[in-house]
Amino acid sequence: MENISNIWSLPIYAVAIGLLLACMLGLSAVTGARRDGRTMGRSLSMPFESGIVPTGSARLRLPVQYYLVAMFFVIFDVETAILVTWATVVTETGWIGYGAALAFTVFLAMSLAYLWRAGALDWGPRVRPRQGPDARKDRAA
């Protein structure tokens with residue numbers, strides 16, 4: 001039979017967190033600034049961060065490289081999370097677990113090599129071949 005302190009610790013913790021959240025929300029409702037009608041002001045009636053008056057458009061066009069970096073981060077962050085959790089149970093998994101982790105790492109390395117060869121990691125300006133009379137002389141020689 002389990003010890004009673006082990007059984008009741010989780011519900012007590014959940015109740016304590018619920019009370020803490022209720023206190024924080026209640027205090028913010030009581031002490032928060034409330035403005036209605038004309039006293040609200042132009043900046044507080046706009047749906048923006050903290051009542052700050054927006055400047056410019058919120059629709060930014062980000063380069064594709066921004067999203068590529070984000071995707072690479074997610075992929076390799078998940079890889080790290082999986083390998084770290086595998087490392088905590090490496091003695092129980094034995095050689096089968098080692099082979100699975102190695103296959104997982106090799107698969108990700110192959111996909112990284114594919115992206116590298118496809119040019120997904122070339123983010124700088126591309127060097128264009130020279131056009132003009134000097135380029136024709138170089139090709140003839």
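**View 1. Tyr98, a partly exposed ring in a predicted model.** Tyr98 has a relative accessibility of 40%. That value makes Tyr98 partly exposed. The model is predicted. Tyr98 sits in helix 3, which spans residues 90-118.

**View 2. Trp95 and Tyr98, an edge-to-face pair.** The two ring centres are 5.7 Å apart. The planes of Trp95 and Tyr98 meet at 90°, so this pair is edge-to-face; the cut-off for that class is over 60 degrees. Both residues belong to helix 3. Three residues separate Trp95 from Tyr98, about one turn of the helix. Trp95 is exposed, at 74% relative accessible area.

**View 3. Trp86 and Tyr98, a tilted pair across two helices.** By the ring rule, the model holds three aromatic pairs. In one of them, the ring centres of Trp86 and Tyr98 lie 6.5 Å apart. Their planes stand at 40°, so the pair counts as tilted. Trp86 comes from helix 2 (residues 64-88), Tyr98 from helix 3. The pair therefore ties together parts twelve residues apart in sequence. Trp86 is partly exposed, with a relative accessible area of 23%.

**View 4. The cluster of Trp86, Trp95 and Tyr98.** Ring pairs join these three residues into a cluster. Tyr98 pairs with Trp86 in the tilted arrangement. Tyr98 also pairs with Trp95, edge-to-face. How exposed is Trp95? Its relative accessible area is 74%, so Trp95 counts as exposed.

Technical notes. Residues are numbered from 1 along each chain as its sequence is written. This is a predicted model: local features need pLDDT of at least 70, side-chain atom pairs count only at pLDDT 80 or more; totals for chains, interfaces and linings use all residues. Side-chain values use heavy atoms; hydrogens and water are left out. Rings of Phe, Tyr and Trp (its six-membered ring) pair if their centres lie within 6.5 Å; planes under 30 degrees apart count as stacked, over 60 as edge-to-face and the rest as tilted. Helices (H or I, at least four residues) and strands (E, at least two) are DSSP runs, numbered from the N terminus. Buried means under 20% relative accessible area, exposed over 50%, partly exposed in between (1.4 Å probe, protein chains only).
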